[in-house]
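Please look through the sequence and the model below before reading the notes that follow.

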Amino acid sequence: MSETDERDPAELTDDEWRERLSDEEYRVLRESGTEAKFSGEYVDHHPDDGEYKCRACGTVLFEAETKYESGCGWPAFYAAEEESVTTTVDTSHGMRRTEVRCANCDSHLGHVFDDGPEPTGKRFCINSVAMEYDDE
């Protein structure tokens with residue numbers, strides 16, 4: 001999504017989202033899909049600083065310093081920018097998980113689990129295609 005676009009993401013139609021996102025981005029972000037394990041561009045990405053933003057709207061989701069190697073096959077973070085994400089119960093695929101969504105545009109990002117490292121004990125398991133890395 002263009003940084004110069006001032007429009008509220010909540011106002012975008014399904015067709016507008018399809019125009020702004022690639023097919024894979026749309027499948028994950030707007031249809032709650034999941035990319036294949038170990039396939040995402042940020043799985044092995046470990047910068048010292050910077051931030052990860054929502055690919056759909058540019059909201060800052062995670063600070064690079066909270067990213068860690070979990071071995072789960074998706075980028076993992078032990079903390080999110082609290083005001084930037086929401087969580088809901090997800091019972092799809094015969095499982096009970098906690099889904100993570102962007103608080104600004106309601107895009108699906110991934111899931112959070114209670115088996116992460118200190119200081120939070122959380123593992124935010126996030127699809128690479130749902131994020132953009134910004135080193136500033």
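In this predicted model, Asn127 is in contact (heavy atoms within 4.5 Å) with Val28, Gly33, Thr34, Glu35, Trp74, His108, Leu109 and Gly110, leaving aside its neighbours within four places in sequence. Residues are numbered from 1 along each chain as its sequence is written, and side-chain values use heavy atoms, with hydrogens and water left out. As the model is predicted, local features need pLDDT of at least 70 and side-chain atom pairs count only at pLDDT 80 or more, whereas totals for chains, interfaces and linings use all residues.

- Asn127 has its place in the loop between β8 and β9, where helices (H or I, at least four residues) and strands (E, at least two) are DSSP runs, numbered from the N terminus.
- Asn127 counts as buried because its relative accessibility is 3%; buried means under 20% relative accessible area, exposed means over 50%, and partly exposed lies in between, with a 1.4 Å probe and protein chains only.
- The side chain of Asn127 reaches the backbone nitrogen of Glu35 at 3.0 Å, and Glu35 is also among the residues listed as contacts of Asn127.

**The nonpolar core**

- A nonpolar core is a set of buried Ala, Val, Leu, Ile, Met, Phe, Trp, Tyr and Cys residues joined through side-chain atoms within 4.5 Å, and the largest one here has 25 residues.
- The residues with the most contacts inside this core are Leu61, Phe62, Leu109, Phe124, Ile126 and Met131.
- Two or more residues of this core come from each of the elements α2 (23–29), β1, β2, β6 (97–102), β7 (108–113) and β8 (123–126).
- Phe62 touches Glu51, Tyr52, Phe77, Ala79, Ala80, Glu81, Phe124, Ile126 and Met131, when residues up to four places away in sequence are not counted.

**The open sheet of three strands**

- An open sheet of 3 strands has the order β2-β1-β9 with antiparallel pairing, and two strands pair if DSSP finds at least two bridges between them.
- The edge strands of this sheet are β2 (60–63) and β9 (131–134), each of which pairs on one side only.
- From one strand to the next, the twist averages 30 degrees; for such angles, axes are lines fitted to C-alpha atoms, for helices over the stretch in contact, and the angles run from 0 to 180 degrees between N-to-C directions.
- Strand β1 (residues 51–54) is joined to β9 by 4 bridges, and the two run antiparallel; Cys54 stands opposite Met131 in β9.

- Strand β5 (residues 85–90) runs antiparallel to β6 and is joined to it by 6 bridges; Thr86 has Arg101 in β6 as its bridge partner, and Val89 stands opposite Thr98 in β6.
- β6 is also joined to β7 by 4 bridges, again in an antiparallel arrangement, and Val100 stands opposite Gly110 in β7.
- β6 is mostly covered, with 5 of its 6 residues buried.
- The hairpin of β5 and β6 has 6 residues between the strands, and in this hairpin His93 takes a positive phi near 60 degrees.
- The hairpin of β6 and β7 has 5 residues between the strands, and in this hairpin Asp106 takes a positive phi near 65 degrees.

**Backbone details in the loops**

- Pro119 has its place in the loop between β7 and β8, and the peptide bond from Glu118 to Pro119 is cis, with omega near 15 degrees.
- Ser32, in the loop between α2 and β1, has a positive phi of about 60 degrees although it is not a glycine, and Ser32 is partly exposed, with a relative accessible area of 36%.
- Phe38 has its place in the loop between α2 and β1 and has a positive phi of about 60 degrees although it is not a glycine; Phe38 is exposed, with a relative accessible area of 54%.

**The annotated domain**

- An unreviewed UniProt entry lists residues 14–136 for "domain: MsrB"; UniProt positions are given in the numbering used here, feature names are shortened, and annotations may be inferred rather than shown by experiment.
- Over residues 14–136 the chain is 11% helix and 31% strand, and the end C-alpha atoms are 31 Å apart.

How values were computed:
A polar contact is a pair of N or O atoms within 3.5 Å; within protein, one must be able to donate a hydrogen and the other to accept it, and residues adjacent in sequence count only if both atoms are side-chain atoms.
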